Amino acid sequence: MPNADKVKLVAKIKDEIEAADAIWVVDYRGLTVKQSEEMRRLIRAQDASIKVYKNSFTERALSELELPSLGEVLEGPSAFVFVSGDPVASAKTLKSFAKENEALEIKGGLFNNDVVTATQIKAIADLPSREELIAKLLGTISNPATGLVRVLSGPAEKFVRTLQAVSDSKAA
């Protein structure tokens, strides 16, 4: 029979999983204290947090929430990045940190209630950020309107230039 502390810890993990938009799993072995503090600071700036839980407790929380098992992703020591904000931004941060610090290994995770591999997380990191996508969308939406304004103002501009030319020729 599980003790009360373990039940509370699994409930806490379930709450964090439910609140997260994505969960990235990393192997942090080999990082110095300074490096792991830097990684936590960078991740916190992306509306995410890093927690270390026992893999078995995390697996239990996932099964109680009826989410897919992370299976092989949870082999060995694992740190969990619970993303509350933009998943792309946190994936970019992890990817760039792992590039600078070879001791950090991205193992996989959970995104949109689907298990993702390390390769898929790196592909997510290569996507444009939410702000970039919004800017591109707004640019795409405004382009036809800008073109329409130019087309509609063309005859008026031509008329004004013609009047100016007539005025200049009579003045001369």
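Student: Which helix gives the most to the lining of the largest pocket?

Tutor: Helix 1, with 5 residues. Keep in mind that this is a predicted model.

Student: Which elements give two or more residues to the lining of the largest pocket, and which residues line it?

Tutor: The lining consists of Pro2, Lys6, Val7, Val10, Ala11, Lys14, Ser56, Phe57, Arg60 and Glu64. Two elements give two or more residues: helix 1 (4–19) and helix 3 (55–64).

Student: What volume does the largest pocket have?

Tutor: About 190 Å³.

Student: How do the lining residues of the largest pocket divide into nonpolar, polar and charged?

Tutor: There are 5 nonpolar, 1 polar and 4 charged residues in that lining.

Student: Where is Glu64 found, and which residues is it in contact with, leaving aside neighbours within four places in sequence?

Tutor: Glu64 is found in helix 3. With those neighbours set aside, Glu64 is in contact with Val10 and Lys14. Both Val10 and Lys14 also belong to the pocket lining.

Student: How far is Glu64 from Ala125?

Tutor: In sequence, Glu64 and Ala125 are 61 residues apart. In space, their C-alpha atoms are 29 Å apart.

Student: Now the strands. How do I read the side chains along a strand?

Tutor: In a regular strand, side chains alternate between the two faces of the sheet. Strand 2 (residues 48–51) is a case to look at. Ala48 and Ile50 point to one face and are buried.

Student: How many bridges join strand 1 to strand 4?

Tutor: 6 bridges join strand 1 (residues 22–27) to strand 4 (residues 105–111), and these two run antiparallel. Trp24 has Gly109 of strand 4 as its bridge partner.

Student: What is the order of the open sheet, and which strands are its edges?

Tutor: The open sheet has 5 strands in the order 2-3-1-4-5, with antiparallel pairing. Its edge strands are strand 2 and strand 5 (114–117), each pairing on one side only.

Student: By how many degrees are neighbouring strands turned against each other on average?

Tutor: By 20°, with direction ignored.

Notes:
Residues numbered from 1 in each chain as written. Predicted model: local features only at pLDDT ≥ 70, side-chain atom pairs only at ≥ 80, totals over all residues. Heavy atoms only, no water. 1 Å grid on protein atoms, 1.4 Å probe; cavity = no way out; pocket = protein on both sides within 12 Å on 5 of 7 lines; lining within 4 Å. Points joined across faces, edges and corners; volume = space filled by probe spheres on them. Nonpolar A, V, L, I, M, F, W, Y, C, P; charged D, E, K, R; others polar. Buried < 20%, exposed > 50% of the residue type's maximum accessible area, 1.4 Å probe, protein only. Pairing = 2+ DSSP bridges. Axes fitted to C-alpha atoms, helices over the stretch in contact; angles between N-to-C directions. Contact = heavy atoms within 4.5 Å.
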